[in-house]
Amino acid sequence: MSYHVFYKSDKSIAWATNGDVNDEIKATQAGHGYSYVQTNLTDIPQDSTHYVNDAGDTVLAKTAFNPTFSTIVPAVDGVINVTGLPAGTEVFLDGVSKGTMSDTTLTLTAKEPGKYLIEFKKLDKITYAKSIRTERQS
């Protein structure tokens with residue numbers, strides 16, 4: 001099916017439709033800062049599952065992260081190694097960005113006991129989240 005896709009400067013999808021889109025709609029959306037591409041896909045492209053390629057000429061499906069955690073229940077002052085992450089992945093801890101990875105391995109040190117949510121985001125990947133619980137040694 002043919003879809004009309006409006007996307008942001010970072011290539012994330014703002015909205016898409018398989019309805020009629022005329023030049024007036026395209027001009028209005030351009031005024032909002034959105035670019036346009038028409039593409040053929042089986043399902044309607046959504047920001048959570050698709051993105052626009054760098055050339056801006058087609059829409060691609062996001063792939064899943066496949067990280068490996070050395071542990072998800074470390075002791076306080078314990079180390080968690082996360083491997084299998086692509087460079088350019090943004091890391092969030094409890095919803096706060098902690099930066100973008102330049103390597104494929106992330107090393108965390110659990111400084112305080114508690115439960116934390118770690119998330120990984122990258123434009124061409126489906127967002128991944130994992131709960132980590134640190135404990136005091138007994």
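# A walk through the predicted model

Aspartate 77 and lysine 111 form a salt bridge, with their closest N and O atoms 3.9 Å apart. This pair links distant parts of the chain, 34 residues apart: aspartate 77 sits in the loop between strand 7 (68-69) and strand 8 (79-83), and lysine 111 in the loop between strand 11 (105-109) and strand 12 (114-121). Both aspartate 77 and lysine 111 are exposed. The structure described here is a predicted model.

How many salt bridges does a search of the whole structure find? The search finds 3. Besides the pair already described, the side chain of aspartate 124 meets that of lysine 122 in a salt bridge, at 3.8 Å from N to O. Aspartate 124 has a relative accessibility of 24% and so counts as partly exposed. Lysine 122 is likewise partly exposed, because its relative accessibility is 24%. Glutamate 135 and arginine 133 also join their side chains in a salt bridge, with 2.9 Å between N and O. Glutamate 135 counts as partly exposed at 35% relative accessibility, and arginine 133 counts as partly exposed at 41%.

The next topic is the sheets. Strands of a sheet pair through backbone hydrogen bonds, and the pairing may be parallel or antiparallel. In this model, 3 strands form an open sheet with antiparallel pairing, in the order 2-1-3. Strand 2 (13-17) and strand 3 (35-40) are the edge strands, each pairing on one side only. From one strand to the next, the twist averages 25°. Strand 1 (residues 2-7) pairs with strand 2 in the antiparallel sense, over 4 bridges. Across this pairing, phenylalanine 6 stands opposite tryptophan 15 in strand 2. Helix 1 (residues 23-31) lies across strand 1, strand 2 and strand 3, and runs at about 25° to strand 1.

Another open sheet is built from 4 strands in the order 10-9-12-14, again with antiparallel pairing. Why is one side of strand 10 (96-100) and of strand 14 (128-134) left without a neighbour in the sheet? These two strands stand at the edges and each has a single partner strand, so one side of each has no neighbour there. The twist in this sheet averages 25° from one strand to the next. Strand 9 (residues 90-93) is joined to strand 10 by 4 bridges, and the two run antiparallel. As for individual residues, valine 91 has glycine 99 in strand 10 as its bridge partner.

Tryptophan 15, at 31% relative accessibility, counts as partly exposed.

Phenylalanine 65 and phenylalanine 120 pair in another way: their ring centres are 6.2 Å apart and their planes meet at 55°, so the pair is tilted. Because phenylalanine 65 lies in the loop between strand 6 (63-64) and strand 7 while phenylalanine 120 lies in strand 12, the pair ties together parts that are 55 residues apart in sequence. Both phenylalanine 65 and phenylalanine 120 are buried. Ring pairs also link Phe65, Phe69, Phe120 and Tyr128 into a cluster.

Is histidine 50 buried or exposed? Its relative accessibility is 11%, so histidine 50 counts as buried, the cut-off for buried being under 20%. Histidine 50 lies in strand 4 (residues 50-52). The side chain of histidine 50 makes a polar contact, at 2.8 Å, with the side chain of threonine 49. With neighbours within four places in sequence left aside, histidine 50 is in contact with Ile13, Leu41, Ile44, Pro45, Val59, Leu60, Ala61 and Lys62.

Technical notes: Residues are numbered from 1 along each chain as its sequence is written. This is a predicted model: local features need pLDDT of at least 70, side-chain atom pairs count only at pLDDT 80 or more; totals for chains, interfaces and linings use all residues. Side-chain values use heavy atoms; hydrogens and water are left out. Two strands pair if DSSP finds at least two bridges between them. Axes are lines fitted to C-alpha atoms, for helices over the stretch in contact, and angles run from 0 to 180 degrees between N-to-C directions. Buried means under 20% relative accessible area, exposed over 50%, partly exposed in between (1.4 Å probe, protein chains only). A polar contact is a pair of N or O atoms within 3.5 Å; within protein, one must be able to donate a hydrogen and the other to accept it, and residues adjacent in sequence count only if both atoms are side-chain atoms. Contact means heavy atoms within 4.5 Å. A salt bridge is a side-chain nitrogen of Lys or Arg within 4 Å of a carboxyl oxygen of Asp or Glu. Rings of Phe, Tyr and Trp (its six-membered ring) pair if their centres lie within 6.5 Å; planes under 30 degrees apart count as stacked, over 60 as edge-to-face and the rest as tilted.
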